[in-house]
Amino acid sequence: MNGASREALAAARESLTALTDSTSVDAAALADELAAVTALLEREVSLRRVLTDPARDGEAKASLVQRLLAGQVGGPATDLVSGMVRSRWSAPRDLADAVEELADLADLVSAERDGQLDDVEDELFRFGRTAASSPELRAALASRTAGPEAKGALLRELLGGRVRPATERLVTRLVTQPRGRSLDSGLEALSRLAAERRNRSVAVVTSAVPLSDEQKRRLSAALATLYGRQVHLNLDVDPEVLGGITVRVGDEIINGSIADRLEAAKRRMAG
């Protein structure tokens with residue numbers, strides 16, 4: 001998102017934070033209702049255009065939302081979306097993307113309240129690694145012929161009772177309502193949102209062998225010093241790195257593996 005949409009999303013996130021600061025709000029239920037609104041906006045292209053039309057009065061658009069959602073979702077979800085359509089959006093699709101992000105954030109708030117946010121972060125990462133290592137699973141989850149019900153049933157079989165409820169909801173929503181996202185990009189976006197809840201970055205750490213607790217502590221401290229904020233480690237083991245570690249934080253890669261140094265030496269010799 002750029003320009004007006006970025007500002008509108010920031011305001012919507014602040015509204016969600018203020019709303020979910022109240023323990024009387026069921027964050028998981030709010031997530032489901034916002035996901036339903038996302039699905040509505042995804043289906044109804046003309047509605048997206050009307051609700052983001054800068055020539056229309058903001059209060060009139062908010063009243064339209066209240067009429068449309070009355071009896072369909074609860075008051076908190078209606079209030080959030082009504083506030084969002086009063087803002088200015090750069091593109092109609094940005095509104096649906098923003099409501100979807102609020103749904104994901106609400107599920108993460110639910111996990112945080114239950115003291116499970118760290119577990120959800122780890123489970124999202126592990127699920128991504130599991131899917132990456134299984135072409136059959138990736139094909140089933142991305143299938144254009146299998147409907148949302150079939151994919152949801154597969155995920156219940158894979159994840160039911162094995163991961164935290166918020167993890168299952170987030171992954172199921174991503175797979176059954178991808179909205180053009182790949183599984184990899186969707187899981188990465190969810191991990192970033194989870195990290196933001198803790199005001200920290202996420203580092204994907206790949207090593208030839210599992211790191212010891214002391215190594216993880218030292219690496220986490222070094223990255224926190226480097227980036228000026230807490231860094232959550234998502235750990236992966238890949239014997240092909242030969243030794244050392246590779247660390248990816250966002251788009252930045254810190255590569256300290258033996259394999260990388262050997263490849264660099266080969267390039268220098270070839271040059």
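Predicted model: local features only at pLDDT ≥ 70, side-chain atom pairs only at ≥ 80, totals over all residues.
Numbering starts from 1 along each chain as its sequence is written, and side-chain values use heavy atoms, with hydrogens and water left out.

**Arg179**
- You'll find Arg179 in the loop between helix H10 (165-176) and helix H11 (183-197); helices are DSSP runs of H or I with at least four residues, numbered from the N terminus.
- Arg179 counts as buried because its relative accessibility is 12% (buried means under 20% relative accessible area, with a 1.4 Å probe and protein chains only).
- Most residues other than glycine have a negative phi.
- Arg179 isn't a glycine, yet its phi is positive, at about 50 degrees.
- Skipping residues up to four places away in sequence, Arg179 touches Thr38, Glu42, Arg93, Ala96, Asp97 and Glu100 (contact means heavy atoms within 4.5 Å).

**Thr52**
- Thr52 sits in the loop between helix H3 (45-51) and helix H4 (58-69).
- With 8% relative accessibility, Thr52 counts as buried.
- A polar atom of the Thr52 side chain lies 2.7 Å from the backbone oxygen of Arg48.
- Neighbours within four places in sequence aside, Thr52 is in contact with Lys61, Trp89, Pro92 and Leu95.

**H1 against H6**
- Helix H1 (residues 4-20) packs on helix H6 (residues 92-113) at an angle of about 30 degrees, and their axes are 10 Å apart.
- That makes H1 roughly parallel to H6 (angles under 35 degrees count as roughly parallel).
- On the H1 side, the contact includes Ser5, Leu9 and Leu16; on the H6 side, Leu102, Leu105 and Val109 are among the residues involved.
- Sorted by class, the contact of H1 with H6 has eight nonpolar, two polar and four charged residues; Ala, Val, Leu, Ile, Met, Phe, Trp, Tyr, Cys and Pro count as nonpolar, Asp, Glu, Lys and Arg as charged, and the others, Gly among them, as polar.

Notes
Axes fitted to C-alpha atoms, helices over the stretch in contact; angles between N-to-C directions. Helix = DSSP H or I, 4+ residues; strand = E, 2+ residues; numbered from the N terminus. Parallel < 35°, antiparallel > 145°, perpendicular 65-115°, else oblique. Buried < 20%, exposed > 50% of the residue type's maximum accessible area, 1.4 Å probe, protein only. Polar contact = N/O pair within 3.5 Å; in protein donor to acceptor, adjacent residues only side chain to side chain.
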